[in-house]
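Please take a moment with the sequence and the model shown here before reading on. The report after them is meant for a reader who is new to this structure.

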Amino acid sequence: DFAPLWGRLLEKGTQAKVVFGSPIFFISEENNLFVRLMGINDAGRFRVDPGFQAMERRLGTLLGPRYDYALMGDARALQRLTAFLMRAGCSLQEVPADKTVWEDLQGSNIIFLGASRMIPLLARLPVQQDFEVGPDNQFHNRNPGPGEEKIYHTRSHRDMTYAAVAHFPGLRAGREIMLITAHSEPGILGAVGEITRPESARALAQKLPSKPTADMLHYQMLLRVMADRGLPVKTEYVTHHLVKTPLR
């Protein structure tokens, strides 16, 4: 049921490193506040950001960056992934994005989990991401096929949102990379639930080639997630692309 979606990531005895988002916070000692600006996710450039400068004018000197919190959706999704992989005889090592460097990942199976804006390393991943959240917080289709949209719009990520699940060859031979990305908590939880339940994983696998050739073992898939009160209620397949030449 799961092999077409997960590949070598589910080989018994293997370990995957799960890189999850690290939202950047700052401290205002004068006001006894933790402060986060949603547009600031690069620890190397925040001081030149106009939003950061405006916040300092308002609140005084901000200390940081600090990485004291994770998103609730990422934490819950990570718990589900851990239970799923342990049942398959695999293990996980959780790595927050701010602690992640390529040298520690190259020889591993890797799962990137969460909003891509909070995982700066994703922007330098040597693969072509066809379904990617843009600056407008909408999913952009970088390689639209017949009948597909260039941008998958949603007015409120709390009621209906999109998520992408992608599976690429790893950075070294015999290794795999999986991306589970969305803009919001319902999207992440909906995507993780869809690929870890036997009946839904089986339905998604049926969208892929039943006997894939050597250059079609990997894919990128877009899902639509309906939500209520911030929780996924129904997740639907939208479209997928096969990955033939993942390395740029």
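What follows describes helix packing, strand pairing and a few single residues in turn.

This is a predicted model, in which local features need pLDDT of at least 70 and side-chain atom pairs count only at pLDDT 80 or more, while totals for chains, interfaces and linings use all residues. Residues are numbered from 1 along each chain as its sequence is written, and side-chain values use heavy atoms, with hydrogens and water left out.

**Helices**

Helices (H or I, at least four residues) and strands (E, at least two) are DSSP runs, numbered from the N terminus. Two packed helices are described by the angle between their axes and the distance between the axes. Axes here are lines fitted to C-alpha atoms, for helices over the stretch in contact, and angles run from 0 to 180 degrees between N-to-C directions.

Helix α3 (residues 72–87) packs with α5 at an angle of about 10 degrees, the axes being 8 Å apart. That makes α3 roughly parallel to α5, a term for angles under 35 degrees, whereas 65 to 115 degrees counts as roughly perpendicular. Contact means heavy atoms within 4.5 Å, and the residues of α3 that make it include Met72, Arg76, Leu81 and Phe84, with Ile188, Leu189 and Val192 among those of α5. By class, the contact of α3 with α5 has eight nonpolar, two polar and four charged residues, where Ala, Val, Leu, Ile, Met, Phe, Trp, Tyr, Cys and Pro count as nonpolar, Asp, Glu, Lys and Arg as charged, and the others, Gly among them, as polar.

Helix α5 (residues 185–196) also meets helix α6 (residues 198–205), and their axes come within 5 Å and cross at roughly 85 degrees. That makes α5 roughly perpendicular to α6. On the α5 side, Gly193, Glu194, Ile195 and Thr196 take part, and they meet Pro198, Ser200, Ala201 and Leu204 in α6.

**Strands**

Two strands pair if DSSP finds at least two bridges between them. Strands β12 (residues 218–228) and β13 (residues 231–243) pair in the antiparallel sense over 11 bridges, and Leu223 has Tyr237 in β13 as its bridge partner. Two residues lie between the strands of this hairpin, in which Arg229 takes a positive phi near 55 degrees.

Elsewhere, three strands form an open sheet in the order β7-β8-β9, with antiparallel pairing. Its edge strands are β7 (131–133) and β9 (151–152), each of which pairs on one side only. Strand β8 (residues 139–141) is joined to β9 by two bridges, and Phe139 has Tyr152 in β9 as its bridge partner.

**Single residues**

The table gives relative accessible area, for which buried means under 20%, exposed over 50% and partly exposed in between (1.4 Å probe, protein chains only).

| Residue | Relative accessible area | Class |
|---|---|---|
| Ser108 | 12% | buried |
| Gly190 | 3% | buried |
| Ala203 | 38% | partly exposed |

Ser108 is found in the loop between α4 (102–105) and β6 (109–113), and, not counting residues up to four places away in sequence, Ser108 touches Lys17, Arg175 and Glu176. Gly190 has its place in helix α5 and, leaving aside neighbours within four places in sequence, is in contact with Val225, Pro232 and Thr235. The C-alpha atoms of Gly190 and Leu223, 33 residues apart along the chain, are separated by 8.6 Å. Ala203 lies in helix α6, and Ala203 and Asp1, which are 202 residues apart in sequence, are 8.8 Å apart in space, C-alpha to C-alpha.

Terms used: Parallel < 35°, antiparallel > 145°, perpendicular 65-115°, else oblique.
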